[in-house]
Amino acid sequence: MINCLRIKQHRLMLLAVLVLSICVGVGGFKQKQIQALDAPDKSTSQTQKIASTAWQYGSFPVENFQSYTSPFGYRLSPIDGKKQFHNGLDMAAPLGSYVRSWWTGKVVEVSDNTPCGTAVIVESGSWRHAYCHLDGHVEVAAKGRYMIDRSGGIQIWQGQEVPVGMRIGRVGMTGRTTGPHLHWTLKFNGSYVDPALVLKEMFKQQAMLKPDPLG
Ligand SMILES: [Zn+2]
């Protein structure tokens, strides 16, 4: 119940700041706003931080996208039928489709031993974005840990910087999954956020940037 309330509060907070972010406008702030996301300043409140974000510069996280197969929130598990909290958004795409980093950031973790399967987690300021069920696995070298997907030509080191839109993996079937899809999660300051809310705002802002085809 407490969890449920907390999630509701977070959703309300995010909705409120997304509305604010529309008021911020879309032109001329690119550099400033990307820096705002990348390098959080502790003196600025969370609300101001999200409100100053230019979502349109994000990258859609998967190529050959087919459909959203499971939303964020409570659902009955497709594996065991029990009620569970689904902490991300499921995005179906054919096996082997490339996954792209939603935002510029630093790879803080690569793993392959959880229900999330082979995964890459990127941190961008106060945000963490995780990509699950990828092809490939984790290997350890003297230099550190990396996720390797040889047939996809992907090698991602824990600790490396990734630019927005960089291919960081491919859709696979690792971990607990019933079909090929990307399970994508977003966290802001440690709390899960519905990725669909951010995607909707991203599409809205990107549509505003497109030149008028008749103009
Ligand atoms: Zn999922």
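The model is predicted. Strand 14, covering residues 181-188, is mostly covered, with 6 of its 8 residues buried, while helix 4, covering residues 195-209, has buried residues that line one face.

**Strand 14 and its partners**
- Strand 4 (residues 89-92) pairs with strand 14 in the antiparallel sense over 4 bridges, and methionine 91 stands opposite leucine 182 of strand 14.
- Strand 8 (residues 127-134) is also paired with strand 14 in the antiparallel sense, over 6 bridges, with histidine 183 in strand 14 as the bridge partner of cysteine 132.
- Strand 15 (residues 191-193) runs antiparallel to strand 14 and is joined to it by 3 bridges, and here leucine 186 stands opposite valine 193.
- The hairpin of strand 14 and strand 15 has 2 residues between the strands, and asparagine 189 takes a positive phi near 50° in this hairpin.

**Helix 4**
- The 15 residues of helix 4 should span 21 Å at 1.5 Å a residue, which agrees with the 21 Å between its end C-alpha atoms.
- Pro195, Val198, Leu199, Glu201 and Met202 are the buried residues of helix 4; seen down the helix axis, they fall within an arc of 165°, so they line one face.
- Ala207 and Met208, on the other side of helix 4, are exposed.

- Strand 10 (residues 144-149) is joined to strand 11 by 4 bridges, and tyrosine 146 stands opposite tryptophan 157 in strand 11.

Terms used. Residues numbered from 1 in each chain as written. Predicted model: local features only at pLDDT ≥ 70, side-chain atom pairs only at ≥ 80, totals over all residues. Expected span 1.5 Å × (residues − 1). Buried ≥ 20, exposed ≤ 12 C-beta atoms within 10 Å, placed from the backbone. Arc of directions from axis to C-beta. Pairing = 2+ DSSP bridges.
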